[in-house]
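Q: Can you walk me through this one? I'd like to start with the ligands.

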Amino acid sequence: MSDLVTLKIDGIEVSVPAGTMIIEAANKIGREIPVFCYHSKLSTVGVCRVCLVKVGTPGFDRATRQPILDVAGNPVIRFFPKPMPACSTPVSAGMEVITESKESLADRQAILEFLLTSHPLDCPVCDKGGECPLQDLTYAHGRGESRFEYQRKHTSPKKIPLGDLIVLDTERCIICTRCIRFQDEIAGDHVLAIENRGRDAKVVSYTEPKFDSKYSGNTTDICPVGALTSRDFRFKDMNKPGVRIWELTNVPSISNYCNMGSNLVLGTHVGEIRRVMPRQNELVNEIWLTNKTRFGHHFHSSSHRLTAPLIKENGKFKQATWEDALSLIATKFHEAGEHIGGIAGPHLSNEDLYLFQKLFREVLNSNNIDHRICLNSAIDDDLAYEIGVGIGTDIGQLAENSAIFLLGSDLDEEASMLYLRVRGAVRRGCHLINANGRYTKLDTVANTKLRYNYGSAVHLVLGMTATILDEGLEDKNFVYARLEGIDKLKTKLQAYTPEKVADITGIDADIIRQAARDFAKAENGIILYGAEAGNDTALHASIRNLALITGHVGKKDNGVTAILPHCNSRGAADLGVIPHRLPGYHPVADEIGMSAKEMLQPNHGLQAMYIVAADIVGEVVTCKSAIETTDFVVVQDLFMTETAKLADVVLPAKAIAERDGSYTNLERRVQVYDPAILSPTPTCWADWHIITAIAGRLGAEWTHASADGVMQEITEQVSLYKHMSFENLTKPISLERKRQHYIYSGMSFTADVREGVQWATRAENQASFFELKFIEPENDMPQSDIILVAPRVAYDGGMLISQAEILANLIQQPKATLSPSVAQRLSLSKGDTVQLTSSVGSVALPIAIDGKLPDNVVLTPRNLAGSVAEQLLDGHNIFIGVKIVH
Amino acid sequence: MTNKYLDKHVLLRNKDIPNIRDINVYIAHGGYDALKKALTVMNPGEVTQVVKTANLRGRGGAGFPAGVKWSFIPPNVKPVYVVVNADESEPGTFKDRELMGENPHQVIEGIILCAFAVGAERAYIYGRGEFKNTFVPLKKAIDEAYNNGLLGKNIMNTDFSMDIFLHLGAGAYICGEETALLNSLEGYMGQPRSRPPFPAAEGLYAKPTVINNVETLSNVPPIILNGSDWYRRYGTERSPGIKIFSLSGHVKNPGNYELPLGAPLRYLIEELGGGTMSGLPIKGILPAGASAPMIPPEHFDVMMDYESMAEANTTLGSASFIVMDETVDMAWAAEKMVHFFKHESCGKCSPCREGNYWLEQVMHRIRSGKGTSFDIDLLTKITHQMTDNCFCPLGEFAVNPINATIKHFRSDYEKYITL
Ligand SMILES: Cc1cc2nc3c(=O)[nH]c(=O)nc-3n(C[C@H](O)[C@H](O)[C@H](O)COP(=O)(O)O)c2cc1C
Ligand code: SF4
Ligand code: SF4
Ligand code: FES
């Protein structure tokens, strides 16, 4: 902790760490000094000058170096002749600050008058009106009239599109540079700049496509005027009548696209979502949202939504009543007996998922359930259950004494919010080790970049673990008190010293050793692993060992987590939508059920299938026949997906904003979303409600009447979730935390701040004991010169996101991306098509060229329309050897 | 005898010695002797100490003692950089250009001495964008210095090595401000940085950096060679030494003149400058280009040193005197200068960016006969709102032309007020 400095602000004494700026010290005692350019999340620049205050320091006698005292013995304060910017003047001992002196009030008025000389004052048609810091401050401090009687900036261009999503109004811009700083510092996408100087200065985007960033929407929130607005909410741009922000009803919700569970506010107006804004949760998304979350809400109001139950008769769907549909389902499920299977998507709420497994386990007597549609998506339940990340972990605040070991994931694409937070940690001095088989965006800030051969990540981890044990860097206290099997592990690892794994991984032994030391010596350490690291028990055991021997477990800011694919992948596993585990990870008592993979094999032997919120055919086209050959299939969804088309009964579900529920994020944080739109589609039912109705038809006597009530049962039945009642989950944060994370000026961020609750892993129990497990890695390195790598990307081919017209241009189309030299070798140029052939299948794809890709990799995202990459993968890993021909 | 106050040139030695820009000529006239002395019989601390004792004050405008600035460089942080401010963009200032073009080796020798004193191995000369021609002889001189073992590895066969790099800006007045210069040199927008941190702690590439003006550094070789006592014989107690005065405007003999600090303004204008071309009386004199308040006739007897100029309510700044005779309409002159500042405002902070634009608008209105007497007061009020509120001194300079001309020549404004 740095030294405290005591000063007086408006006569009130306050102590803050040395180096704090006056504005933050003032905030601590509840004094709000007006700002435009300052933002607590960004670097300070001190350019708008609206925060000027009067500052004095104690006078010192030059000769004696003693403070000069007045007759009463108080130090004599010498005020600086000039006012000082509170945002960029650090405090000092004995300082006195007057925030509202006559002079500073006049200065403030002057600055506002200056700013208004270049401002069009078109508030009546400005989307910012009502939550605009310029408007608010002018109201509070302005002159009330302008002495500037000339043409204002009226000649400057308005409505300049910066890409598809954001519109710039240069007339309104006050050149505070918040947007630029956000892009440079927080997002790391250097896509904005100031062009020209003086009064001609304007914000420009010089990238192609313009304003190319997944995070650009955030600039519209922090822009202190209406210069940056989103195309989505610009009221004059839309086909429907505009809405002013004070007409919106704001409802707290959670992103259905984000595996961190970004907190957001749905701004609704007469039953429709008009905009999505971030809701502050410093532990999850701070005050940011990805564009996908912000602009991807249009599926709610899509005209393609299912609105009534459908029953297929003679190959054609016919509208049916809920009564008819439910009776038919009950009859058929009953007939199927044990030959029934269920797949529930990881976008469902915890309540839905819990009841889904309850329906199967208690009513249908089957363990044939799963949520993992295609691959075993890098989720290892034991690691999460046993270790996870410590409760209270705040990845964005990790700093100098911490290290993050990121293994096999492109966070920017796969966990965009986490990407921002890892960047934040690195900015604060956290050491980032980024290991992958190819370049990913975090390489630009990583302290250590490790480039392994695909399939060898487990060897890298073993090499690091061997180094730590060899050099005695393990956490001895932890090893002694809570681990078993260290000697056995040491022996096993003799075959995996850095020298011995250097060849197979392709990484120099010294570099492996250094990475091991950096991770082991850090006070806090977190391992994040994704599917590009591999997907087998040997890998997961090696990660587990590394976390355990370094003692980076069971405490805040330490631990391990997989980069899970979906917003509620964690909840689906927690609540037992897996064939071998009951809710809370208890092993099933009877026979292990069929996994999704087994259910989707051609000869699965099932008579009935119940598929909820999972577009199986859309994700893995080869699963089609497995569904077609099932006698009776029920699909419950929002849209007529490729899977729904094959169903016998289709049930229309409510979308997230139409109901409430909870999600569990990849850090095991359970968070509630509220219902926003009250029954715009009365014929759609919430998933938990439908499941309850089916159970009822099958003779169960469930009494659930609300998501809240289902969660009540979960808290009673599943001890991991015992603290997860909605009452707990919706508790607002304490005033103290609110103050800690105070955000300045006029935005709706403050709406209902909740932080959610994390469940405790076994490691959190300080008396728990762990046995180190060593599993010999199988050598299943792809044997090929070229390896297809098929990670997930943010702008995927999903049904929900495709309803957002505004994002249409961003959706990635399937293609094979190659390095320039591979392209050259095969004499390929842009627009050509290649045939990729693996041991599993063969597909043709147009190519793209990327200079950052290594020569042995061809990249084809797997979650795109047509699920092309899946046809080449073996269902085990997301990389596989391929042949390429022109 | 160069002039009444100086027997021979110390800085503009090109005026006495033909072809001194040639290295052999320079060496033949004692060139690089100071460097030899420093490298062989002095240690870096002693070099700094001599400059400190000489009280050589910065010639870029602010007059901060160079030796004191050098001593701020922390001893154990490496690398240290020397940056030479050759951006000379103040209207009416053209002394650095002559030094670099005509007596370049003295500039180079000064740079090497400075680098030696502060432990730098790299110096960057940041030149004004329009200085293409000046940089040709300077570049040639640098090459000559390399060829003669005066730059590069093991200078004069000692342990000391250093390199000099030339860089031309893109033509922005603000890039003469030292922190904007550093940004520009690093490839960022030429906009000033907040201070602290000061360049001595975190300058170029966030490393300790000394920034000095070309003329400041040109003073160093003679000081090292002849000692601080010799130097202090010139000038006044608090403004010792020799200074180049750039004289322009309505004078018969414009040009650069070398004088000790504290010489009388009248001597510069009348004896050296030959008085006005027209023979008409002088109406006002700008002492530091557009940046400092104009000197009205009642102060024409001021002495040209930092303290006396301050007593006359103005500043010596870069010592570029622009003389205006009676024919000049001071409202017109002020409008020109306001336009200059509006054009050169970097746009970073709101009072300067918006204030200068507004000032120009009001000036236009007055000068086109559409103003009211309220507008003259409005000008004063706007300047008042800018004063002390800007991010950097440019915005503070910008109010000087208007305030001084309104104060001393209000009738020049009033004659436009017809409404
Ligand atoms: C707006 C502005 C313009 C300036 N222009 C110059 C310039 O062109 N040349 C220069 O040497 N100093 C200029 N300065 C002063 C520099 O900021 C700095 O004080 C100087 O380079 C320090 O060198 P010195 O101590 O040797 O004078 C300018 C300052 C300001 C505020
Ligand atoms: S667009 Fe907005 S955030 Fe960006 S500089 Fe202008 S006013 Fe500031
Ligand atoms: S005062 Fe003018 S030149 Fe200086 S930072 Fe502000 S806008 Fe830029
Ligand atoms: S200068 Fe302090 S908030 Fe802008």
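Q: Before that, what kind of model is it?
A: It is a predicted model.

Q: OK, ligand 2. How do the residues of its shell divide by class?
A: The shell around ligand 2 has 11 nonpolar residues, one polar and one charged.

Q: How many residues is that, and which are the closest?
A: 13 residues surround ligand 2. The closest are C173(A), C176(A), C179(A), C223(A) and A227(A).

Q: And which residues come nearest to ligand 3?
A: C346(B), C349(B), C352(B), C392(B) and G395(B) come nearest, out of 15 residues around ligand 3.

Q: Which elements supply at least two residues of that ligand 3 shell?
A: α14 (350-367) and α16 of chain B each do.

Q: Where does ligand 3 lie in terms of domains?
A: Residues of its shell come from both domain 1 (13-232) and domain 3 (330-414) of chain B, so ligand 3 lies between them.

Q: Now ligand 1. How many residues surround it?
A: 23 residues surround ligand 1. G58(B), G60(B), G176(B), N213(B) and T216(B) are the closest. In chain B, β4 (209-213) and α16 (393-397) are the elements that give two or more residues to this shell.

Q: Which element gives the largest share?
A: β4(B), with three residues.

Q: Switching to the chains. How many residues of chain B are in contact with chain A?
A: 23 residues of chain B are in contact with 25 residues of chain A. On the chain B side, α13 (330-344), α14 and α15 (373-386) each supply at least two residues.

Q: Which of them gives the largest share?
A: α14(B), with eight residues on the side that touches chain A.

Q: And the classes on that side of chain B?
A: Nine nonpolar, nine polar and five charged residues.

Q: Helix packing next. At what angle do α3 and α6 of chain B pack?
A: Helix α3 (44-54) and helix α6 (104-118) of chain B pack at about 120°, with their axes 7 Å apart.

Q: So what does that make them?
A: α3(B) and α6(B) are therefore oblique to each other. The crossing of α3(B) past α6(B) is left-handed.

Q: How about α15 and α16 of chain A?
A: The axes of α15 (498-505) and α16 (509-521) of chain A come within 8 Å and cross at roughly 110°. α15(A) and α16(A) are therefore roughly perpendicular to each other. α15(A) passes α16(A) in a right-handed crossing.

Q: Which residues touch there?
A: P498(A), E499(A), V501(A) and A502(A) of α15(A), with A509(A), I512(A) and R513(A) of α16(A). By class, this contact has five nonpolar residues, no polar ones and two charged.

Q: Last topic, the backbone. Is the peptide bond from K78(B) to P79(B) cis or trans?
A: That bond is cis, with omega near -5°. P79(B) is in the loop between α4 (66-71) and β1 (81-86) of chain B. A cis peptide bond also joins P196(B) and P197(B), with omega about 0°. P197(B) is in the loop between α8 (178-186) and β4 of chain B.

Q: What about the phi of S827(A)?
A: S827(A) has a positive phi of about 45°, although this residue is not a glycine. S827(A) is in the loop between α26 (820-825) and β34 (833-837) of chain A.

Conventions: Residues numbered from 1 in each chain as written. Chains lettered and ligands numbered in written order. Predicted model: local features only at pLDDT ≥ 70, side-chain atom pairs only at ≥ 80, totals over all residues. Near = placed C-beta within 6 Å. Helix = DSSP H or I, 4+ residues; strand = E, 2+ residues; numbered from the N terminus. Nonpolar A, V, L, I, M, F, W, Y, C, P; charged D, E, K, R; others polar. Domains from an automatic or database assignment. Axes fitted to C-alpha atoms, helices over the stretch in contact; angles between N-to-C directions. Parallel < 35°, antiparallel > 145°, perpendicular 65-115°, else oblique. Left-handed = near helix turned anticlockwise from the far one by under 90°. Contact = placed C-beta atoms within 7 Å.
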